[in-house]
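Please open the structure in your viewer and keep the selection panel at hand. The stops below say what to select and what is there.

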Amino acid sequence: MKALFGHPVFSLDAAIYRWEDVVAAAEGQPRWKALLLRTRQGLACLRHLEENDEEEPEDAIAAAAADFRYQRDLISGDDAQEWLSRRGVTIGEWMDYIRRTVLRELWESRLAGLVKRFAASGDELDEALRVDAICSDEAIQLARELAERVAAATAAGESLESGTTAERLALIENGFQRFKAGCITGEAVRREIAHRHLDWIRVDCRAVGFEDPAVAREAALCVREDGLSFDEVARDAHTSVYEERFYLDELDAQYRTAFIGAKTYELLGPIEFEGKHTLFRVLDKVMPSAKDPELIRRAGEQLLKRELTEEVEKRVKWELGW
């Protein structure tokens, strides 16, 4: 990451925030720790591949590179080259990132041992961390988080013009917490929950999922027409019944109407849910309540997200160039 230090990321009023500020704000946070661990794991995987007779998964690497380009609408090779160049990443560095990502997923069960055996040097880790942060879009997410906190602290009246980095970060956090408290009031939470009345209906179910859609349809017929229980059709299909609880906004829009109109103990499905063809037995539908801790949390997140987006758009000027 040190190669990025000195480069401006965003400005607010007269103050310019650089990559070293982003890293200082991120260090110790869960997102940063997870990024650092993934980079260590990826480097250990590459070292293991280089020093052993393991065959490189070329097809998986090619597919991952294609997915990367597809997700970012990088149609041609020139598009990909331009995207990387603007971010200071070479083709070789990008392909090493792809390889690390694929190997880390392939050898997931072996990662702890590999990291212990192949500890990356400081410079090697720092360079790979830069590439991983940029290519995974974690760098821009970390920059966004700092921009949100700076904008919020400024809106809360905090003066951020002087002091050491540590002192300014403490002021930013203090201002952010005051801004947050002003956004997430009891009245605002109640209004938000009332506004999301349909989206936040909670459905409690018993569910059973099937890999094969034909088996799922047959199971539905057995329940509806033959009166078999969930447990019986699950046993016949060598699967199991489980309890499921979700809010309507967690479902694909095409399925929400069915659940909104469902009666207690009604059978729904098969529905594609979490990768399986699933039958649901509706046990209860719970209307949104301002006393529901989960909805209080959700409402708070929504309120804060909207206010932060508005403050960033109003106050922050991005200096990245990408």
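**Stop one: the sheet**

Select strand S1 (residues 8-12) together with S2, which pair in the antiparallel sense over four bridges; strands here are DSSP runs of E with at least two residues, helices are runs of H or I with at least four residues, both numbered from the N terminus, and two strands pair if DSSP finds at least two bridges between them. This is a predicted model, in which local features need pLDDT of at least 70 and side-chain atom pairs count only at pLDDT 80 or more, while totals for chains, interfaces and linings use all residues. Residues are numbered from 1 along each chain as its sequence is written, and side-chain values use heavy atoms, with hydrogens and water left out.

Now pick Ser11, whose bridge partner in S2 is Ile16.

**Stop two: a helix across the strands**

Contact means heavy atoms within 4.5 Å.

**Stop three: two packed helices**

Finally, select helix H8 (residues 138-155) and helix H9 (residues 165-183), which pack at an angle of about 70° with their axes 7 Å apart. Among the residues that meet are Leu146 and Val150 in H8, and Leu169 and Phe176 in H9.

Technical notes:
Axes fitted to C-alpha atoms, helices over the stretch in contact; angles between N-to-C directions.
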